[in-house]
Amino acid sequence: MPVDELDTRILRLLLEQPRTSVREYARVLGVARGTLQARLDRLERDGVITGTGPTLSPAALGHPVLAFVHIEVTQGHLDDVGDALAAVPEIVEAFSITGGGDLLTRVVARDNAHLEDVIQKLISLPGVVRTRTEMALRERVTHRLLPLVESIGRAAVRR
């Protein structure tokens, strides 16, 4: 089911005020609590809302180094390597990709030496052919979805 204008208003509130109660969201939006809860349940069921936990800072947890590691994998071993990556706690995200490599991982580390240790661990995984690492210098746009939600909301109103 497509996201409509009320859904985008709900999502905007969730992003802007994540610690507010369902009752308060319903009051702000001018809808019944049951209506809001049904919408939230549907958005979760449809996979639009994928989590409700806090966003944590790896840097504040003692891992200020951020790198993107491209991993080239032996043909036929993508799933095995992907499963093995899940056991490396410093890998906070991993994606299958097209282009130069098979997997792209987002890796955090305590310092450059620790990053090298993590990369060496990746290189030693069965099925990994080679890696290429790019270090992040500064975050220019933080992870965000509100501009996308607002754009979808404007399109829903025009429909």
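This is a predicted model: local features need pLDDT of at least 70, side-chain atom pairs count only at pLDDT 80 or more; totals for chains, interfaces and linings use all residues.
The expected span of a helix is 1.5 Å times one less than its number of residues.

Just after H3 comes Gly47, whose phi is positive, at about 85°.

A record also describes this part of the chain. UniProt, in an unreviewed entry, places the feature "domain: HTH asnC-type" at residues 3–64. In the model, residues 3–64 are 53% helix and 0% strand, and the end C-alpha atoms of the span lie 37 Å apart.

The strands come next. An open sheet is formed by 4 strands in the order S2-S3-S1-S4, with antiparallel pairing. Its edge strands are S2 and S4 (128–135), each of which pairs on one side only. From one strand to the next, the twist averages 20°.

The individual pairings may now be followed across the sheet. Strand S2 (residues 91–96) is joined to strand S3 (residues 103–109) by 5 bridges in the antiparallel sense. Within this pair, Ile91 stands opposite Val107 in S3. The hairpin of S2 and S3 has 6 residues between the strands, and there Gly99 takes a positive phi near 95°. S3 also runs antiparallel to strand S1 (residues 65–73), to which 7 bridges join it. Here Ile71 stands opposite Leu103 in S3.

Two helices accompany the sheet. Helix H4 (residues 78–85) lies across S1, S2, S3 and S4, and runs at about 15° to S3. Helix H5 (residues 112–123) packs on the sheet, where it touches S1, S2, S3 and S4. The direction of H5 makes about 155° with that of S4.

Thr105 counts as buried because its relative accessibility is 1%, and buried means under 20%. When neighbours within four places in sequence are left aside, the contacts of Thr105 are Ala67, Phe68, Val69, Ile71, Leu85, Ile91, Glu93 and Ala94. Among them, Ile71 is the residue that stands opposite Leu103, and Ile91 is the one that stands opposite Val107.

The last helix to consider is H6, residues 146–158. At 1.5 Å a residue, its 13 residues should span 18 Å, and the end C-alpha atoms are 19 Å apart, which agrees. Which residues of H6 are buried? They are Val149, Gly153 and Ala156. Seen down the axis of H6, these buried residues fall within an arc of 60°, so they line one face of the helix.

Methods. Residues are numbered from 1 along each chain as its sequence is written. Side-chain values use heavy atoms; hydrogens and water are left out. Two strands pair if DSSP finds at least two bridges between them. UniProt positions are given in the numbering used here, feature names are shortened, and annotations may be inferred rather than shown by experiment. Axes are lines fitted to C-alpha atoms, for helices over the stretch in contact, and angles run from 0 to 180 degrees between N-to-C directions. Contact means heavy atoms within 4.5 Å. Buried means under 20% relative accessible area, exposed over 50%, partly exposed in between (1.4 Å probe, protein chains only). The arc is that of the directions from the helix axis to the C-beta atoms.
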